[in-house]
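Dear colleague,

I am passing on to you the structure that follows, together with some notes on what was found in it. Please read the notes with the structure open beside them.

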Amino acid sequence: MIPLSETLSQGRELVVEIERRSGQKVADCYQCGTCSSTCAAADAFDYPPHVFMRLLQLGVVDRALTSTTGQLCYDCMTCSSRCPISIDVADVIETTKNIADEQGIRESERGLRLFRNLFLKNVRRHGRLHEASLLAWFNLKSGKLTNDMSLVPLILHRKKVRIIQPRIKNRAQVRRIFQRAKERPKW
Amino acid sequence: MRIGVFVCQCGTNIAATVSTERVASAAMALRDVVHAESIQYTCSDPGQRTVIAAAHKYALDRVVIAACSPRMHETTFQRTMAQAGINPFMMEMVNIREHCSWIHSDMEVATEKAIDLVSMGVAKVRGQTPLFSSHVPVVGEVLIIGGGVAGIQAALDIADAGMPVTLVEKGPTIGGNMARLDKTFPTLDCSSCILTPRMVEVKHHENIRLMVNSEVEQVRGYIGNFEVDIRKKTTCVDEKKCTGCQICEQKCPSKAPDEFNAGVGETKAISIAFPQAVPLVAVLRKEHCRLFIKGKCGICKKVCPADAVDYEQEDELHTEKFGAIVVATGYELFDWRQAYPHYGGGLYPDVITSMQYERMLSASGPTGGRIQRPSDGAEPKEIVFLSCVGSRDESIGRPLCCKVGCMYIAKQAILTREHIPGSRTYVFYMDIRAGGKGYDEFCRRAQKEAGAVYLRGRVGKIYPRDGKLVVMGADTLVGENVEVEADLVVLATGIDAAAGAGSLAQKLNIPYDQYGFLSESHPKLRPVETTTGGIFLAGACQGSKDIPETVAQASAAAAKVIVLLSHDELETSPMIAEVNHMRCIGCFKCREVCPYHAIEEQGLRDGRRVAVVIESLCQGCGLCNVACPPSVISLRGYTDNQLIEEVTEVLR
């Protein structure tokens, strides 16, 4: 049971903060479900995007903050581009996740945040994803060195992952993208 | 006798299953048939010309057209007959499409059946005699029953066309439910600001006679010639003398429930409904008056400066003639208390109806525009609206949608935000039905700008806890139960036809449905007509409607009335019942069964009492025909002999 009189009052401050940072209005969402039906990862989330939006509408922020939605979302932005009222759903989800990070809310599955950070670092460094090094770093940093090691010969053999992969031409430009994203006045 | 038979192919509609050539050649073999042919599209212009040419060439005096249903094209071909110089009623349509080609697949069998049907038609048309329409004069006055926005609109439109109108209103003032509303969706313009000028216009219009506190008692007659008894109930106040000064109301010691304000606040036994009432005349309600209950008072009579109060005043009965009637009796809110014990059944004072809330929103209402809890007068902060209370609920036998609930809730939610800053509104809904122009945007505005929290789900229970009302519902979008601690709960109650609409319909002899809504003649093509000629519908008496729809329908009904009354005479169908007076035994069984009151008693010179058909009333249904014990009533165009000939033919 959701005690609405309570959640709407208590959750209000945080919803306003999410709205301010993301520049979106959660009340705009009319719950059509396009975001969820277009989301490739919705099945993995505890709350598909439209329910995530609904929770914010009802002020149930604690569930939104601990939700796996923000942690597992791969920011493909399809939800945002398909939304019939042009809500940047992905931004709302990400903003909520960032606030959860700031508040030190524990991730639902260990390594999610680590993977995310390593992924971005990897792309920044190589200009594109260098999968082999990402896998190596992840195993190293997560302290599970032997994790999935038995698969290594097979993926190498099938050329799923290459150890040596051609570099992109202008890595500096990609770095500038990262720089700009950081500098963008989001809040 | 020279009969022509025309077998229509209707493109492939008939020809694909029935060999029209074979039907035509079989028809040629029938007695009296001098010409038969198959035509591709008989109803088309060349098709009709073929019929006319054949009629001339073969000097036809009777025609059988085997084609579609007479409902589809009988009038078309009657016109063709007139062009060919043949009495239109000497044409018989045989339906070989709906009754044959469309429902069969075997060509052989279908063709055989079509031949049978055509031979029956030929047998029937042999016995046909020319019939001629008669004319009845039309009374030029119009009666409008109900003085809400529908009745007002229709009255003004008809009166502007120069026709005298009598507007009969049951209550003490015109204006109806619209006069009780504060604002209107989706524009939020003030309801009375747009309505009261129209009310005043009615009062001053030279072609409109306004009769308030009046009810229709009895209706006789028929299209163009109705005779109506109208009872003007006593109000103990002389309408002509009363100036509307309201001194009587101020001095009156007897309190009375305030119906105009939906029971919010109280009024006096002698009172004026609201400041802009038309006519602005006080009404005394005897059931609440101390003088009539205890026999001692008479203050109002003493204080009245116009000497308008008259305790002896009696009901007046007027009998008037009208050419057409517009029924605009409107709606009432469904009484939810019996049906919803889980919402308190009326026991919790802070569970109110939307009309009560509306009256509180109104600046001229009993609270002066202040929203307050009935229990303690406090200003509510958390207000919950429940839609579909008494609508879309099969368990209480009300599956109908009230059509306006979603919209007025949105309006009230928006207005609440303006009236009580810092308040929060919740709306429990099943679907948001906002189909009109600008309506969906309006509902979105309630959510986005007025911050109304919309929750998709019906409320299961309301109960009091610590001075608040706990509203237990569900939000099916999240898939979880929700709970609100409300200060005030507003029920968007469903809409019913006005009480008495059913009995009025019986007096008018027009059909109505199980909810008391009056039935239109055809849901699409005759939306303001009833099945009784000359009686039209306007507004929510026909089914729930919002204001724009009501006004549009009222103008449509007015247009129909104007068309009807623009003729001095009306043509009547000649296919009606006929009594053979020589053999009538005067039992009047026919009068008992006649649904149109079309049979009257007449004395002959020899002293016998016989039944006579009032031609303009008879609709040709044939009930009297079968009820008549000596079988002396026949239906023109469908005489017993014709039908026997038909049956004999098919049994041959």
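This is a predicted model: local features need pLDDT of at least 70, side-chain atom pairs count only at pLDDT 80 or more; totals for chains, interfaces and linings use all residues.

If one looks at the contacts in chain B between residues at least 6 apart in sequence, 69% of them join residues that are at least 24 apart.

The domain assignment divides chain B into domain 1 (3-126), domain 2 (142-233 + 315-331 + 497-565), domain 3 (247-303), domain 4 (335-493) and domain 5 (573-636). The centres of domain 2 and domain 4 of chain B, taken over C-alpha atoms, are separated by 31 Å, and 11 residues of domain 2 are in contact with 18 residues of domain 4. On the side of domain 2 of chain B that touches domain 4, the residues divide into 5 nonpolar, 1 polar and 5 charged.

One helix to look at is α6 of chain B, which covers residues 191-204 and has 14 residues. From its first C-alpha to its last, α6(B) reaches 21 Å, which is close to the 20 Å expected at 1.5 Å a residue. Its buried residues are B:S191, B:S192, B:L195, B:M199 and B:V202, and, seen down the axis of α6(B), they fall within an arc of 85°, so they line one face of the helix. The face of α6(B) turned away from the buried side carries the exposed residues B:C193, B:P197, B:V200 and B:H204, whereas the buried residues pack against α5 (149-160), β7 (165-168), β8 (183-184), β9 (189-190) and β10 (208-211) of chain B.

Turning to the two chains together, 17 residues of chain B are in contact with 15 residues of chain A. On the side of chain B that touches chain A, β22 (424-429), α12 (439-448) and β26 (480-486) each supply at least two residues, and the largest share, 6 residues, comes from β26(B). The residues of this side of chain B divide into 6 nonpolar, 3 polar and 8 charged. Strand β26(B) is also joined by 2 bridges to strand β1 (residues 2-3) of chain A, and these two strands run parallel; within β26(B), B:E483 stands opposite A:P3.

Helix α12(B), which contributes to that side, has the buried residues B:F442, B:C443, B:A446 and B:Q447. Seen down the axis of α12(B), these buried residues fall within an arc of 145°, so they line one face of the helix, and they pack against α11 (405-419) and β23 (453-456) of chain B.

A:F178 counts as partly exposed because it has 14 C-beta neighbours inside 10 Å. The C-alpha atom of A:F178 is separated by 9.7 Å from that of A:K121, although the two residues are 57 residues apart along the chain.

With kind regards

How values were computed. Residues are numbered from 1 along each chain as its sequence is written. Chains are lettered from A and ligands numbered from 1 in the order in which they are written. Helices (H or I, at least four residues) and strands (E, at least two) are DSSP runs, numbered from the N terminus. The expected span of a helix is 1.5 Å times one less than its number of residues. A residue is buried if 20 or more other C-beta atoms lie within 10 Å of its own, exposed if 12 or fewer, and partly exposed in between; C-beta atoms are placed from the backbone. The arc is that of the directions from the helix axis to the C-beta atoms. Two residues are in contact if their C-beta atoms, placed from the backbone, lie within 7 Å. Ala, Val, Leu, Ile, Met, Phe, Trp, Tyr, Cys and Pro count as nonpolar, Asp, Glu, Lys and Arg as charged, and the others, Gly among them, as polar. Two strands pair if DSSP finds at least two bridges between them. Domain bounds come from an automatic or database domain assignment.
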